Amino acid sequence: MTVHVTTTTTDPVDPSGTASMLIILARLEGKVDVVTAQHGAKLDEHARRLGDVETRLRAEEARPSTAPEVDARLRAVESRPVVTPRAVWAAVGTVGALAIGAAGVVINLAT
């Protein structure tokens with residue numbers, strides 16, 4: 001006894017392509033939703049940072065200004081020239097090099 005098994009495929013293949021088009025549109029909609037959510041999150045973060053900056057600016061504006069006499073003293077101190085240790089050592093080194101060079105010239109002239 002021989003048994004023949006026949007298989008039939010029940011693929012709902014739509015000759016017009018409506019099903020595949022719906023799948024493509026659903027995927028596209030999902031991708032657009034993801035991008036929109038990411039963009040919204042970035043906008044929220046940006047708004048939060050702007051709020052922080054605004055708060056700091058308002059706090060700086062609310063600080064009392066310095067008194068005129070204090071401001072005048074600070075300007076006087078800042079306008080006075082300051083000699084730094086670097087400038088002092090540069091001057092000492094230059095004077096030393098000039099002295100050594102002059103000594104060498106004097107020794108050569110003396111001989």
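Which side chains meet in a salt bridge with 3.0 Å from N to O? They are the side chains of aspartate 52 and arginine 48, where a salt bridge is a side-chain nitrogen of Lys or Arg within 4 Å of a carboxyl oxygen of Asp or Glu. The structure shown here is a predicted model, in which local features need pLDDT of at least 70 and side-chain atom pairs count only at pLDDT 80 or more, while totals for chains, interfaces and linings use all residues. Residues are numbered from 1 along each chain as its sequence is written, and side-chain values use heavy atoms, with hydrogens and water left out.

The protein has three helices and zero strands, and its elements follow the order α-α-α from the N terminus on; helices (H or I, at least four residues) and strands (E, at least two) are DSSP runs, numbered from the N terminus. Of the 111 residues of the protein, 0% count as buried, a term that means under 20% relative accessible area, whereas exposed means over 50% and partly exposed lies in between (1.4 Å probe, protein chains only). The accessible surface of the protein comes to about 10,600 Å², and 66% of this belongs to carbon and sulfur atoms; such areas come from the Shrake-Rupley method with a 1.4 Å probe, and for residues only the protein chains shown count as cover.

Side chains of opposite charge can pair when their charged atoms come close. Aspartate 52 and arginine 48 are four residues apart in helix 1 (residues 18–62), so about one helical turn separates them. Aspartate 52 is partly exposed, with a relative accessible area of 36%, and arginine 48 also counts as partly exposed, at 43% relative accessibility.

Helix 1 also holds arginine 58 and glutamate 54, which lie four residues apart, about one turn of the helix. These two residues form a salt bridge in which the closest N and O atoms are 3.1 Å apart. Arginine 58 is partly exposed at 47%, and glutamate 54 is partly exposed at 39%.

In helix 2 (residues 68–79), aspartate 71 and arginine 75 are again four residues apart, about one turn of the helix, and their side chains meet in a salt bridge (3.3 Å, N to O). Aspartate 71 is partly exposed, with a relative accessible area of 28%, whereas arginine 75 counts as exposed at 55%. Salt bridges that share partners also join Glu45, Arg48, Arg49 and Asp52 into one network, and the count for the model comes to seven salt bridges.
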